[in-house]
Amino acid sequence: MGEATARTPEGSAALSPTVEAGAAPLARPRALARLRTPRRPRLWFEILLVALGYWTYSLIRNAVPEQRAEALRNADWIWEWEHRLGLAFERSVNHAADSVDWLIVGMNYYYATLHFIVTIGVLVWLYRWHPGRYAAIRLVLFATTGVALLGYYLFPLAPPRLMPGGDFIDTVVVHDTWGSMASGNLSEMSNQYAAMPSMHIGWSLWCGITIAMLTRLVWVKVLGLLYPAATGLVIVATANHFWLDAVGGVLCLAFGFAVSFGWYRALCYRLPRVPVRHRPADAPVARPRAPETAGAPLPAAGTPLPPAGTDRPADAPSPAVDPAPGEDPARVPGSFSGSAAPAAPAPASDPAETAPVRPGAGPRGRLRHAGTHGPCHGLTGRDRGPHRPGGRPAAPRHHRPAPAPPLTARPRR
């Protein structure tokens, strides 16, 4: 039932070719949608993935053959083009920063440590407070780092501090700064000719944009945007990169955002903060339906509301009331033969019934409410209207309340 069949010449029924051809591709979009759906990350998997990714990055980066001659030729070419553009300012910044000891030493430690500390800190913050966006933003970082490896292999570049005759100061060697793998005794553990693109700029800009887009505090946003700017100053002042290396890092980051957008079909910062379970990425979001009374028309201005507990309109005439035994019909309001007048108190043995009864009062001295817009003093809980907790219905704000209708009294028994 529900399947398209075709009758063969032998009289046997067979499935239509369109059903057989469309059955297999139907499951592929569903599986792809499940993979593209943001999920809550697992801690052990993320730790293993980040550690394995950085180890692979370092292994490939350092395994690239150090083509010293080609790297120096590329550095001379970059330096020449910066002179043609009139933007060859790296040497001036390097000498100016080196003249202040505490400043250049701080920049050396900045270059050696914050590159890892801030990046790992942002990843932990995303894992804790933005689990639905974590995988997409992490994909940006991984794609940025992956495409940078192609740059190290295809375009080896020597940093300015290693250029012969460039008159650059190697600040790590001069000031004997600890912790940097760019110079000194640890230089053999890292590829010294992998300056293009600059991942210090790529990673710091990734951190800055993520912080500025997701945090709510203004001063934190400002710090996030200042972080890549300070990193750009540091890489130039320490003579570890040209400013064109920073441009290469920005282009790699743009590629990472494009990969994340193509996979999740949305900007990573626009994904839900907490992942939605059991809903594919392309499924429509269910919206709550409005209550049925939301679209009901309001009563016109000046229209009185019905009394509480009754369906009778407020402007309908009050029903006639028969006089109680011993009462004058002419003094009972609303009777057939009387006119509106205060009712006389009846003798009773109960002290509660010996109190004078107010006009229009029923048993226990309660006023029987026949209108909606008049004052409702002395009403009990069950006599109060449903429109306002105090018992007095809410009048429309665009007109003044109508005068109170006459009060009627219950017949005494």
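Visitor: Why is Phe89 called partly exposed?

Guide: The relative accessible area of Phe89 is 36%, and partly exposed lies between buried (under 20%) and exposed (over 50%), with a 1.4 Å probe and protein chains only; Phe89 therefore counts as partly exposed. This is a predicted model, in which local features need pLDDT of at least 70, side-chain atom pairs count only at pLDDT 80 or more, and totals for chains, interfaces and linings use all residues. Residues are numbered from 1 along each chain as its sequence is written, and side-chain values use heavy atoms, leaving out hydrogens and water.

Visitor: What makes Trp243 buried?

Guide: Trp243 has a relative accessible area of 19%, so Trp243 falls under the 20% limit.

Visitor: Why is the pair of Phe89 and Trp243 called stacked?

Guide: Ring centres must lie within 6.5 Å, taking the six-membered ring of Trp, and planes under 30 degrees apart count as stacked, over 60 as edge-to-face and the rest as tilted. For Phe89 and Trp243 the centres are 6.5 Å apart and the planes stand at 15°, so the pair is stacked. Phe89 lies in the loop between helix H3 and helix H4, and Trp243 in helix H10, 154 residues apart.

Visitor: What makes Trp44 and Phe45 edge-to-face?

Guide: Their planes are at 80° and their centres 6.0 Å apart, so this pair is edge-to-face. Trp44, at 57% relative accessibility, counts as exposed.

Visitor: Why is H6 called oblique to H10?

Guide: The two helices pack at an angle of about 135°. Angles under 35 degrees count as roughly parallel, over 145 as roughly antiparallel, 65 to 115 as roughly perpendicular and the rest as oblique, so H6 is oblique to H10.

Conventions:
Axes fitted to C-alpha atoms, helices over the stretch in contact; angles between N-to-C directions. Helix = DSSP H or I, 4+ residues; strand = E, 2+ residues; numbered from the N terminus.
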